[in-house]
Amino acid sequence: MSEFKKPSLPGAALFEAQAGGSDPAELAAAGHRIATLLVRGPRNDDDQGLVDRVLHLADEEGLGVIAELWSHAAPDSLAGALWRLYLLRTWVHRQPDQAAREYASGKAYAPVHEVLAGVVDPPGPEEVIALVDTVVRGIVSAHFDVTLDRAAAFAHIVGVGRGQLDTGDPHSAVKLVDTALHLHRAAELERAGQLH
């Protein structure tokens, strides 16, 4: 993801600014709470109200406003896993041709991952975008571990493919494979009921 730029927090902050500015610890806690509500669902009316506000904000300002709250979360946390899913989705939407080319290059070296990722063969830009969107929609399913595993498989194949291409960036290829490992670890934690 050499050309990918970390999204900046646009416009007004997600929560009303405090007198001295936003407390980073409170923003991190809010990010974890929102991640939990989006994946696990609301438990009461107050939770549902927050989910509704978050979804409205995502519609109005874009998912990047919310995802920014997850950007510093540990990779083995729910918020950290959502951040990595968001980065993959954003990159694929911005560079679908590159994603498809790197996926096509990497699938020969990772056949097991190819089956799990579930991209149509041959993968074109539209197919890669459809896969990533399908995976991200899986966030609110009962099988979040499968969502994480599919995203991990996709990131692994693209990372391997990027490393195989003459025009590829080895450093960013390694980062993609690391992202795949983080997502796979998050899937394992989710299956064990330990992803928080």
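Student: Before we start, what should I know about the numbering and the model?

Tutor: Residues are numbered from 1 along each chain as its sequence is written. The model is predicted, so local features need pLDDT of at least 70 and side-chain atom pairs count only at pLDDT 80 or more, while totals for chains, interfaces and linings use all residues, and side-chain values use heavy atoms, with hydrogens and water left out.

Student: Okay, how many helices and strands does the protein have?

Tutor: There are 9 helices and 0 strands. Helices are DSSP runs of H or I with at least four residues, strands are runs of E with at least two, and both are numbered from the N terminus.

Student: Which residue caps H9?

Tutor: Aspartate 169 caps its N-terminal end: a side-chain oxygen lies 3.2 Å from the backbone nitrogen of histidine 171. Just after H9, glycine 193 has a positive phi of about 70°.

Student: Why is aspartate 47 called buried?

Tutor: Buried means under 20% relative accessible area, exposed means over 50%, and partly exposed is in between (1.4 Å probe, protein chains only). Aspartate 47 has 9% relative accessibility, so it counts as buried.

Student: Then why is arginine 33 called something else?

Tutor: Arginine 33 has 42% relative accessibility, so it counts as partly exposed.

Student: What makes arginine 33 and aspartate 47 a salt bridge?

Tutor: A salt bridge is a side-chain nitrogen of Lys or Arg within 4 Å of a carboxyl oxygen of Asp or Glu. Here the N to O distance is 2.8 Å, and the side chains meet in a salt bridge. The pair links distant parts of the chain, with arginine 33 in H1 and aspartate 47 in helix H2 (residues 45-61), 14 residues apart.

Student: How many salt bridges does the structure hold?

Tutor: It holds 6. One of them joins arginine 162 and glutamate 102, whose closest N and O atoms are 2.9 Å apart. Arginine 162 lies in helix H8 and glutamate 102 in helix H5 (residues 96-106), so the pair ties together parts that are 60 residues apart in sequence.

Student: Are those two residues buried or exposed?

Tutor: Arginine 162 is buried, because its relative accessible area is 1%. Glutamate 102 is buried too, with 4%.

Student: What does arginine 191 pair with?

Tutor: Arginine 191 meets aspartate 149 in a salt bridge, at 2.7 Å from N to O. Aspartate 149 lies in H8 and arginine 191 in H9, so the pair ties together parts that are 42 residues apart in sequence. Asp145, Asp149 and Arg191 are linked in a network of salt bridges.

Student: How do you know that arginine 84 has no salt bridge?

Tutor: Lys and Arg count as positive and Asp and Glu as negative; His and the chain ends are not counted. For arginine 84, which is buried, the nearest side chain of opposite charge is aspartate 76, 8.3 Å away.

Student: What does arginine 84 reach or touch instead?

Tutor: The side chain of arginine 84 reaches the backbone oxygen of glycine 80 at 2.8 Å. Contact means heavy atoms within 4.5 Å, and arginine 84 touches Ala73, Pro75, Thr179, His182 and Leu183, not counting residues up to four places away in sequence.

Student: And where is arginine 84?

Tutor: Arginine 84 is in helix H4, residues 78-94.

Note on methods: A polar contact is a pair of N or O atoms within 3.5 Å; within protein, one must be able to donate a hydrogen and the other to accept it, and residues adjacent in sequence count only if both atoms are side-chain atoms.
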